[in-house]
Amino acid sequence: MFLILLEKLILARIEKISNITKEIRKSHNLSLRAPETGNDELSDFSREFNQMLSTVDTLEHKLRNYSEHLEELVEKRTEELKKNQEKLKSILSASPDAITATDLNGIITECNEQTLKMHEYASKEELIGKSAFDLIAPKDHKKAEEKIKETLEKGYVKNVEYTFLTKNGREFPAELSASVIRDQNRKPIGFVAITKDISERKTLEQQLFKAQKLAAIGELAGMVGHDLRNPLTGIQGAVYYLKTKYYNKLDSRAKEMITIIQDAINRSNKIINDLLEYAKEIHLDVNSTNLDVLIKETLSSMEIPDSIKVECEGCEAIELRIDIAKMQRVLINIIKNAIEAMPDGGKLSIRCSCIEDYVSISVSDTGVGIPKENLEKIWAPLFTTKAKGMGFGLPICKRIVEAHGGIITVESMVGKGTTFTITIPQKIESQQIVYADAPNSTVQA
């Protein structure tokens, strides 16, 4: 009787649950359920077992739905990602400024086309993998290191001016703004920088400064012309009267003093004339001439010491159209400087050549030379190393040459000598006007 009861009440019910489990394993049919008759422990187990099957069935249904839509979801997300990438690419391409991304060590990981153009690289492959410090002039490396620390602390920096480099080493000024790139956990993983070339702005600032300086010179010239010329005229008249009335009665010392006064008057008038000349517009009166004739007439109008040997080469048979008087003034000024640079004598060489539609005139001396630190300053008004000068000679020469559409350059070595080279178009077809200290402001008359 005990065995019958055990079989009926326990073993048979356990076997049913076992059979259902086996059936579920074979058929993967989670809708099957174990019998829940009775109120004993096996009935409770059956109910818990059935509930577990219901939960698993629900989860499998959800998983099946998710699997069915997973491919569609992945395709949708891929399309969204592609659109975002295209949008980012468009932004990078359309930006007028250089955009560069780096890791925390400053190694370039991405850049736009403007970055390549700005630094004169042919492709991204040349630039990606390089250090961002390779794009910055060595003199600004320390500042860049300090700004990297500041960017990490603040999260960004704005409008920091650096001297940048092109691939071939040419320097140019630019402003950089940068911010930190962070991952989803807000941990810094790199930097993104926007760089703006400010070369044009710097040029405009320099032109504005020159214009302001010129305005001051013009104002000074007006005051000098008004306030000094009248008394100079009176002094000159008085000296002329003394010379005509009492010159023969004066001793040698008094005559020397009159000569000194006349020289001082002439120098003062020249300073006034240079000031007025520099402050006003240059008008070119263009005529045809022969370069050999121009050089010879220029040399014949000057007093050249016997200790200086003059050589001319290649100036024959070169015809050109220029403002003869003004170009002669340029040559006189340069040759005069060359003579003064050779107080103990030397050689003055003038070489001419014609390349395509341009004429080149080089004036070389074997004099004392110009120190390197003064080479750029010699074109600035009011800069001079002479005891009796105001520093307007070369700046005026530069403006006259630029008014002809040409350039004037200088090369010098201390103790070896100096060479000034004038390069101008062979023919200027019409009169031109160039405004003071603004070589690009040339208009045809």
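Where does E356 lie? E356 lies in the loop between β10 (346-355) and β11 (358-364); helices (H or I, at least four residues) and strands (E, at least two) are DSSP runs, numbered from the N terminus. Before I go on, please note that this is a predicted model, in which local features need pLDDT of at least 70, side-chain atom pairs count only at pLDDT 80 or more, and totals for chains, interfaces and linings use all residues. Residues are numbered from 1 along each chain as its sequence is written, and side-chain values use heavy atoms, with hydrogens and water left out.

I begin with the hairpin. Two residues stand between the strands β10 and β11, and E356 takes a positive phi near 55 degrees there. For context, most residues other than glycine have a negative phi. At 73% relative accessibility, E356 counts as exposed; the cut-offs are under 20% relative accessible area for buried, over 50% for exposed, and partly exposed in between, with a 1.4 Å probe and protein chains only.

I355 stands opposite Y358 in β11, and S349 stands opposite S364 in β11. On to the next neighbour: β11 and β13 run antiparallel and are joined by seven bridges, with Y358 opposite P425 in β13. Six of the seven residues of β11 are buried, so this strand is largely enclosed by the rest of the structure.

These strands belong to an open sheet of five, in the order β8-β10-β11-β13-β12, with mixed pairing. Its edge strands, each pairing on one side only, are β8 (308-313) and β12 (407-413). Neighbouring strands of this sheet are turned by 10 degrees against each other on average, direction ignored; axes are lines fitted to C-alpha atoms, for helices over the stretch in contact, and angles run from 0 to 180 degrees between N-to-C directions. Helix α10 (residues 393-403) lies across β12 and β13 (417-425), at about 30 degrees to β13, contact meaning heavy atoms within 4.5 Å.

I now turn to another sheet. This one is open, has five strands in the order β2-β1-β5-β4-β3, and pairs in the antiparallel sense. Eight bridges join β3 to strand β4 (residues 171-182), and S179 in β4 is the bridge partner of Y156. In strand β3 we also find N159, with a positive phi near 50 degrees in a residue other than glycine. N159 is exposed, with a relative accessible area of 53%.

Helix α5 (residues 141-154) lies across β3, β4 and β5 (188-197), running at about 160 degrees to β3.

The whole structure has one cavity of 30 Å³ or more: on a 1 Å grid over the protein atoms alone, a cavity is a set of points where a 1.4 Å probe fits but cannot get out, and lining residues have an atom within 4 Å of a point. The largest cavity holds about 370 Å³ of space, where grid points are joined across faces, edges and corners and a volume is the space filled by probe spheres set on the points. Its lining has 21 residues, with A132, I136, I148, L176 and A193 nearest the centre. The elements giving two or more residues to this lining are β1 (98-103), α5, β3, β4 and β5. By class, the lining has 14 nonpolar, six polar and one charged residues; Ala, Val, Leu, Ile, Met, Phe, Trp, Tyr, Cys and Pro count as nonpolar, Asp, Glu, Lys and Arg as charged, and the others, Gly among them, as polar.

Notes: Pairing = 2+ DSSP bridges. 1 Å grid on protein atoms, 1.4 Å probe; cavity = no way out; pocket = protein on both sides within 12 Å on 5 of 7 lines; lining within 4 Å.
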